[in-house]
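Thanks, everyone, for making time this morning.

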Amino acid sequence: LSHILCFRLFLSDRKMELSSGKLARFADGSAVVQLGDTAVMVTAVSKTKPSASQFMPLVVDYRQKAAAAGRIPTNYLRRELGSTDKEILTSRIIGRLEHFIDNILCNLLAVDGVNDPDVLAINGASAALALSDIPWNGPIGAVRVGLVDGETIINPTRKQMSSSALNLVIAGAPQNQVVMLEASAENILQQDFCHAIKVGVKHTQQIIQGIQQLVKEQGVVKRTVQKLFVAPEEIVECVKKLAFNKIYAVFTDSSHDKISRDEAINKIRLETEEQLKEKFPEAEPYEIIESFNMVSKDIFRNLVLNEYRRCDGRDLTSLRDIKCEVNMFKMLHGSALFQRGQTQVLCTVTFDSLESSVKSDLISTAVRYVHLLFPPYATNEIGKVTGMNRRELGHGALAERALKPIIPQDFPFTIRVTSEVLESNGSSSMASACGGSLALMDAGVPVSSAVAGVAIGLVTKCSVEKGDIEDYRLLTDILGIEDYYGDMDFKMAGTNKGITALQADLKLPGIPVKIVMEAIQQATAAKREILQIMNQTLAKPRPNRKESGPVVETIHVPLSKRLRFVGPGAYNLKKLQAQTGVTVSQLDEETYSVFAPTPSAMHEAREFIREICKDDQEVNLEFGAVYTATITEIRDSGVMVKLYPNMTPVLLHNSQLDQRKIKHPSALGLEVGQEIQVKYFGRDPTDGRMRLSRKILQSPATTVLKTLTDKNSIVLGGTVPQSSTSSQ
């Protein structure tokens with residue numbers, strides 16, 4: 001068994017500790033990363049036997065444990081169940097390492113509520129792989145960058161993040177290379193965003209050096225693996241002779257769309273495969289397929305690199321044709337159709353009560369605003385529509401980060417944006433950001449500004465000896481095939497002023513910061529052009545929400561009426577919500593908020609409330625006065641009495657009936673309908689119940705019988721009484 005290794009480094013005066021050799025020693029690689037009192041253990045395991053498959057899956061599983069936060073799961077089984085949204089999204093971030101490992105498991109050991117564990121898990125995965133015998137192109141380092149009061153902060157605490165205008169997770173490789181970017185921002189300026197990236201990359205180098213130091217101390221020897229499959233040169237040359245001109249003709253014919261282009265290439269593929277099988281009868285099927293794919297990819301990439309041509313006829317910085325429509329369906333609170341080339345999304349906005357937004361887990365609290373649906377017909381495929389998968393969740397989260405900064409904090413409803421991808425040929429998440437922005441404005445949400453998003457691609461030429469990038473081309477608004485054959489999918493969204501979201505996925509071991517800066521600049525220019533087109537359809541939010549939209553009103557319920565309004569066991573509220581569809585929530589002791597999905601539902605709710613409260617008109621009672629009460633019911637504990645005809649009966653307890661101690665009202669000869677004199681002592685401050693006494697009148701004190709006047713009742717429509725003439 002290996003000895004224990006430990007390395008400590010300081011990032012902005014905060015200590016991070018990397019250790020290995022103590023836990024999970026049967027794994028190929030294991031590392032524990034600790035920041036403050038938050039600790040994450042990451043293990044890496046890879047099969048030693050080669051697989052016949054050309055697809056090498058990377059499985060990343062990040063799990064939050066309730067015990068790490070000092071909690072017990074609140075579900076019926078009292079244990080962790082399926083993955084939460086937060087766990088899936090974190091797994092996707094770590095999975096962007098995209099190297100050939102079978103399994104990475106991230107186990108949250110402890111969480112202090114101050115430091116987020118997700119970035120620690122990325123560094124733990126990097127350390128675990130570097131300390132194992134698994135070959136890969138690391139190590140990498142990752143940091144979170146915040147921006148508080150204009151100051152850039154590395155690995156900010158949760159408290160600092162609550163006031164941060166930026167949440168940037170950046171993974172860097174040696175020599176100041178960028179591997180991955182994931183960011184949400186409060187519409188910050190481009191120069192501030194670029195500065196944060198540069199600072200973040202600089203600090204990732206410290207983590208990389210720490211991991212390299214651990215590797216050196218352990219003396220890691222990487223295993224020798226079977227060489228990755230390379231298409232046979234003689235078959236590749238034959239494919240070029242047979243199909244080069246045909247493939248070139250398809251890729252340079254801008255009249256093709258996604259479907260026809262795929263069909264044309266597939267037809268050439270089948271013809272070429274038949275000819276190759278005759279010439280190379282002993283060749284494996286995957287050798288022929290891979291040879292054809294290699295030639296197709298080279299032709300496509302060389303068109304971009306050498307001829308500055310794209311398969312749909314655009315130049316490198318041009319956008320596809322964009323069409324926008326709003327108010328697609330009158331009954332919807334808001335809707336928009338956004339079409340960019342062959343990517344089409346239908347976005348709808350739904351309003352609901354604020355309570356419907358609460359979605360908590362044991363470690364953190366999250367609110368879902370944007371849901372993205374990706375049905376199989378969007379790519380002309382056959383498939384079953386099931387629950388939300390990781391792709392839909394990830395793309396929806398990106399669109400949500402793009403839109404959230406423009407929504408006012410004091411908006412009285414929870415907003416749910418649903419984006420249905422009807423056609424997909426490149427960046428459905430950025431199309432969802434554009435369509436979602438239009439749908440929000442169509443719904444009358446007073447957004448601060450419109451949001452647009454675009455995807456930037458990259459095609460590079462690397463040196464054979466060193467692998468460094470010799471030449472490259474950036475592509476604006478990439479197609480699906482440009483994402484497939486290219487090296488980068490760089491998505492950025494924002495307003496005319498700044499950036500709200502960014503996500504960069506790379507197929508390369510890393511790219512220089514210079515290319516990232518150029519991609520941001522190119523995306524900014526495209527974003528402004530898209531916003532101009534969107535503004536021609538709808539330039540600003542509608543002044544009013546639609547008539548079919550929801551309504552919110554407040555109800556003032558005096559403490560004395562609360563029991564009548566709520567009902568026993570909240571029966572009245574449950575019945576109100578079941579019959580009318582409204583949602584009732586308590587704002588304070590005497591104020592309730594009523595949310596109705598439609599004005600007609602609010603009208604029904606008003607009628608229902610008036611009905612249950614119509615016989616509960618209370619007069620103003622004077623403290624210490626004596627009133628005539630009528631007995632309505634005899635109970636074991638006392639008698640139910642009314643002071644006036646339309647009053648809800650209240651209990652006059654046995655202890656307040658007589659100076660003598662009695663066990664039942666019948667001992668005093670009391671009967672239903674009998675009138676008795678009682679003294680009023682106000683209301684109980686805790687539950688608002690009326691306090692009456694008959695016993696006190698049996699003393700020799702003089703009493704004056706009072707006449708009942710003034711009325712006060714439940715007030716509908718949001719006005720709360722400022723004062724009362726009652727001395728209750």
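Helix α5 passes helix α6 in a right-handed crossing, a crossing being right-handed if the near helix is turned clockwise from the far one by less than a right angle, and left-handed if anticlockwise. This is a predicted model, in which local features need pLDDT of at least 70 and side-chain atom pairs count only at pLDDT 80 or more, while totals for chains, interfaces and linings use all residues. Residues are numbered from 1 along each chain as its sequence is written, and side-chain values use heavy atoms, with hydrogens and water left out.

The axes of α5 (residues 233-251) and α6 (residues 258-279) come within 10 Å and cross at roughly 160°, which makes α5 roughly antiparallel to α6, a label for angles over 145 degrees.

Turning to charge, the model has 25 salt bridges, each a side-chain nitrogen of Lys or Arg within 4 Å of a carboxyl oxygen of Asp or Glu. Arginine 314 and aspartate 477 form a salt bridge, at 3.8 Å from N to O, and this pair, 163 residues apart, links distant parts of the chain. Both arginine 314 and aspartate 477 are buried, meaning under 20% relative accessible area with a 1.4 Å probe and protein chains only.

Which residues are linked with these two in a network of salt bridges? The network holds Arg310, Asp312, Arg314, Arg320, Arg340, Asp477 and Glu482.

How values were computed. Axes are lines fitted to C-alpha atoms, for helices over the stretch in contact, and angles run from 0 to 180 degrees between N-to-C directions. Helices (H or I, at least four residues) and strands (E, at least two) are DSSP runs, numbered from the N terminus. Angles under 35 degrees count as roughly parallel, over 145 as roughly antiparallel, 65 to 115 as roughly perpendicular and the rest as oblique. Buried means under 20% relative accessible area, exposed over 50%, partly exposed in between (1.4 Å probe, protein chains only).
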